[in-house]
Amino acid sequence: MTTTTKTARQKAEKTDAGADYFVVGEEIADAKAPAGPIEQKWAKRKFEAKLVNPANRRKLTVIIVGTGLAGGAAAASLGEAGYNVLNFCYQDSPRRAHSIAAQGGINAAKNYRNDNDSTFRLFYDTVKGGDYRARETNVYRLAEVSANIIDQCVAQGVPFAREYGGLLDNRSFGGVQVQRTFYARGQTGQQLLIGAYQALERQVAAGTVKMYARHEMLELIVVDGRARGIVTRDMVTGAIESHYADAVVLATGGYGNVFFLSTNAMGCNVTATWRAHRKGAYFGNPCYTQIHPTCIPVHGETQSKLTLMSESLRNDGRIWVPKRAEDCDKDPRQIAEADRDYYLERIYPAFGNLVPRDIASRQAKNMCDEGRGVGPAVKEFDHEGNERMVRRGVYLDFADAIGRLGKDGVAARYGNLFDMYAQITGENPYETPMRIYPAVHYTMGGLWVDYDLSSNIPGLYVTGEANFSDHGANRLGASALMQGLADGYFVLPNTINDYLAGAPFEKIDDTHPAAAEALASVKGRIEALLSVNGTRTVDSFHKELGHIMWEYCGMERTEEGLKTAIAKIDELREEFWRDVKVTGVNEDFNQTLERAGRVADFFELGRLMCVDALHRRESCGGHFRAESQTEDGEALRHDDEFLYVGAWEFTGTGEKPVLHKEPLEYNFIELKQRSYK
Amino acid sequence: MNVTLRVWRQANASSEGRMVTYQVQDVSPDMSFLEMLDLLNEDLTVKGEEPVAFDHDCREGICGMCGVVINGTAHGRGNSPVPTTTCQLHMRSFEDGAVIDVEPWRAGPFPVIKDLVVDRGAFDRIIQAGGYVSVNTGAAPDAHANAVGKLKADRAFDAATCIGCGACVAACPNSSGMLFTAAKITHLAMLPQGQPERKLRIKNMIAQHDSEGFGGCTNIGECAEVCPKQIPFDTISQLNRDLIASLFSRDGK
Amino acid sequence: MAVTGLIMIGFLLMHMYGNLKMFLGAEAFDHYAEWLKGDILYPLVPKGWFIWIFRAVMVASVVLHMYSAITLWKRAMDANPSAYQVKKQLAQTYSARTMRWGGIILAGLLIFHLAQFTVHSALVAGAYTTPYEMVVGEFRIWWMVLLYAIWIATVCMHVRHGFWSAFATLGANTSAKARAVLNGCAWAVALLLYIGFMIMPVAVFFGWIN
């Protein structure tokens with residue numbers, strides 16, 4: 001199937017939608033990827049990049065914010081190379097970064113299974129999985145270095161799953177037809193992170209990396225157009241400090257917590273990248289979020305976070321809701337087969353329960369919106385702002401599977417997931433069907449970077465989930481870990497030298513006007529938060545923002561809804577600065593103050609996400625615009641209009657952001673529209 | 001349900017702490033223990049009082065950041081039917097009207113920062129002393145260069161699941177960090193990649209463990225009992241075995 | 001700690017075996033007592049030296065054992081300066097919990113025991129002519145039997161945890177199964193020692209030996 005031509009009505013909308021919300025600026029391009037065949041680009045780039053003499057490296061300082069796969073790996077690698085690295089994290093130890101929570105696995109084009117896998121196939125699958133909204137050059141390189149990642153991790157002692165012969169096991173993951181996923185039980189992220197953490201601690205011991213735990217980055221210092229440092233808050237003492245360097249790397253993860261409820265850790269936030277954005281770094285594709293269909297549903301208003309269960313559950317579980325809304329509070333076992341609606345099997349007979357993540361998620365929402373959800377009813381606000389109680393859950397039923405495989409057979413495949421479900425919900429999934437609901441899981445958007453992972457601010461590099469680069473509009477399963485480690489171990493250490501070869505730069509200290517301004521703005525902001533002394537808690541604002549984002553900028557987006565959301569966010573943001581209550585003082589361990597600062601930035605990010613979603617009048621990957629669907633209700637891309645990266649420039653709070661388009665060129669892969677019917 | 005909390009409040013490392021009693025109302029049995037503390041904190045904030053500080057992050061039992069002693073046991077293991085982190089302990093494990101004592105990890109090497117928050121930097125320093133394989137990025141051979149027998153690979157994995165939460169130290173009557181140290185020793189000792197530095201690693205890690213001020217192991221077993229990841233108690237014996245071997249080895253220092 | 005502990009457990013087993021010679025009559029027991037101080041290892045060492053070498057090893061074991069224990073105790077105290085308001089143990093056995101104070105109590109009674117039967121300065125029943133008479137004399141006293149019943153109980157509890165712990169420290173706890181086996185052995189040794197040590201004084205008290 002090829003791109004459908006758009007209707008006259010859609011054309012008419014094009015002119016006015018968004019004009020009130022943004023300005024279109026100049027087009028941009030990635031200037032760093034060399035010309036030539038795609039399989040030679042990376043080697044060519046590595047050859048052309050300027051080098052730094054090993055003896056000079058220790059005179060150069062690099063700040064790295066974040067200690068997850070992308071940050072920890074980069075800090076260790078640059079430390080090994082001999083640079084003077086300052087590494088920051090908000091947790092009490094670098095080992096706690098949220099990369100640790102990834103369960104499934106990591107892809108690598110090793111072709112250990114002799115099943116037609118190759119660098120090109122991994123490249124192809126990743127571009128296709130991203131719904132043709134990723135840059136070809138970056139993705140090819142990702143596939144190219146993927147094999148080295150596995151070698152590196154094994155050498156570090158990462159205990160990947162092995163077969164009896166002692167060699168590494170592989171499995172198929174995320175709907176691809178080759179077995180290229182390496183895994184470590186259900187804890188692949190943890191094991192990979194511990195590998196990177198050990199390499200990092202080795203460099204801390206060697207003195208090449210200085211670790212700052214419990215430090216949160218609150219501002220980027222830009223001097224003469226170059227990123228030269230950051231301002232941090234010591235989360236124990238409250239001390240506001242400036243740190244200077246020749247280059248700054250942000251590896252601060254995704255921003256899924258803008259939805260309040262997500263599978264992200266409680267501390268995950270956008271502040272570091274948002275502060276950089278405010279200083280001039282472009283934000284790429286902020287509206288691309290991935291929503292995962294098999295999470296444990298919300299139990300009530302006090303829910304603080306959502307827990308993901310591997311989507312492998314959909315291989316054997318059948319998803320259904322009652323046909324009639326009045327059956328929803330019945331014991332599911334009492335609902336007759338004829339009264340159940342196996343809606344995915346009904347709507348998508350070919351793929352059934354194995355439709356892609358975004359479709360499974362959206363249909364679950366549709367069922368609940370129709371009033372046929374199950375489980376506890378949760379308080380929500382409808383489009384008019386009225387309170388309502390909605391059941392947010394659908395059944396994932398293993399009764400058939402238990403009949404076919406026996407309880408032991410099901411336990412052998414999913415035992416740990418069933419145990420996890422039982423521990424969290426207190427229900428026995430062997431007896432009553434599981435309840436699941438989609439949850440925000442990953443954000444493909446992030447700061448815009450070129451082939452070198454450099455943002456548009458010279459000296460500011462962005463790696464891992466924090467950048468926008470490799471996943472397009474949707475991410476393939478088991479690719480997040482791959483990207484984080486590829487960036488950290490193999491890409492950044494071979495590109496940042498090209499910039500650092502021009503260093504050392506002018507020496508700066510606290511007296512430099514740009515540094516003093518950054519420090520003062522951080523202090524002023526903290527003071528402002530503490531002085532509001534209103535009546536509402538930070539969390540109550542965050543939850544309300546989350547509701548707005550989930551409702552209007554979640555699984556299904558409409559022009560009208562997004563405009564409503566923008567108005568609501570503006571209103572809420574204004575109320576926040578008027579009525580938030582932040583207890584305590586700055587000069588203390590103050591978790592309320594930490595959260596307040598993060599939520600303040602989430603308001604601004606949330607608004608930009610809505611603007612981006614509003615301007616992209618097509619459905620692609622994780623972004624579904626209700627106005628852009630086929631007659632069958634499927635996502636419909638508009639490659640003629642939207643085959644570009646939307647990179648946003650900040651112009652001021654309340655000002656219209658400027659959209660810079662980076663056109664996407666597909667020279668090696670043919671564009672196709674997907675179909676799952 | 002309603003519960004009464006007796007929570008350790010301590011303004012900072014140098015001040016005296018004390019137990020303070022709070023009532024928490026409208027607790028749902030489906031809440032996690034930390035969500036119950038969130039509820040208390042929302043209430044305190046609205047009243048203008050300072051919320052209770054506690055460490056937490058992933059809230060799905062894997063990052064190792066959370067951890068408090070509940071009713072005298074680390075992570076509330078005494079109340080939970082299964083090994084758990086604090087974030088995965090749910091209020092259905094308590095009865096309506098229960099009185100629950102909440103304290104921070106208490107051990108010399110884990111000084112209290114505030115309320116229920118402690119500094120576990122000592123663990124990072126033990127890893128720095130040798131809890132790694134010295135391989136620079138890019139210097140790795142092919143992943144299949146070394147085969148690892150399934151049994152050893154599994155044993156390495158069992159030890160590698162340690163999340164560094166510190167419950168073992170909190171529960172140990174000697175405040176020993178031996179289970180944590182042993183988990184890393186065993187993880188790397190079972191793998192071919194860990195062999196070249198095996199003897200040196202154990203000497204350096206034990207020396208760091210001792211100099212941090214952790215107590216010695218007297219094989220009581222509280223650590224493994226509260227461990228949310230069920231790190232096997234026998235890793236400590238593996239550590240001892242390697243330590244003895246290292247005393248007779250020229251590999252070591 | 002582990003090595004000295006195991007040396008002492010070895011000694012206790014030998015000592016117990018020697019005590020049981022009481023059941024073979026006065027001649028056998030007295031001859032055994034004589035032999036201990038006689039020509040063991042002769043002519044490698046002069047006659048009578050063995051017992052002093054043996055005593056030196058035992059004293060060294062006791063001193064090193066106590067030194068290690070005090071060091072461990074001190075480290076634990078330093079590591080845990082502020083006690084919990086509420087603390088519950090989940091895995092600790094009674095014997096493990098009482099290792100330290102139990103150790104002190106049994107060491108105190110050890111001094112009395114040595115004064116009584118080795119140095120002979122604390123004999124309660126008065127003078128005797130042979131070791132056999134001495135033992136019979138002392139254990140005819142009811143409270144002496146009771147005292148030894150309590151003391152040996154503290155010793156055996158110490159052995160119960162100590163035996164398992166020593167092997168664990170030496171690296172023998174290689175799996176959950178090994179742990180169960182070692183703990184089983186610890187119980188067996190502790191019970192064997194208790195029965196083995198107490199059967200003789202009880203027999204004396206009830207006049208089965210006289």
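Tutor: Let's start with a term: a salt bridge is a side-chain nitrogen of Lys or Arg within 4 Å of a carboxyl oxygen of Asp or Glu. Keep in mind that this is a predicted model, where local features need pLDDT of at least 70, side-chain atom pairs count only at pLDDT 80 or more, and totals for chains, interfaces and linings use all residues. Side-chain values use heavy atoms, with hydrogens and water left out.

Student: Why is the pair E551(A) and R388(A) called a salt bridge?

Tutor: The closest N and O atoms of E551(A) and R388(A) are 3.6 Å apart, and the limit is 4 Å, so the pair qualifies.

Student: Which parts of chain A count as domains 1 and 2?

Tutor: Domain 1 takes in 8-17 + 513-643, and domain 2 is 292-441. Those bounds come from an automatic or database domain assignment.

Student: How do you know that domain 1 of chain A touches domain 2 of chain A?

Tutor: Contact means heavy atoms within 4.5 Å, and 13 residues of domain 1 of chain A are in contact with 20 residues of domain 2 of chain A.

Student: What makes about 1,300 Å² the buried area here?

Tutor: Buried area is the accessible area (1.4 Å probe) that two parts lose on being put together, summed over both. Domain 1 of chain A and domain 2 of chain A bury about 1,300 Å² between them, so that figure covers both sides. In domain 1 of chain A, W550(A), E551(A) and M555(A) lose the most area to domain 2 of chain A, together 43% of what that side buries.

Student: How many salt bridges cross that interface?

Tutor: The rule finds 1.

Notes
Residues numbered from 1 in each chain as written. Chains lettered and ligands numbered in written order.
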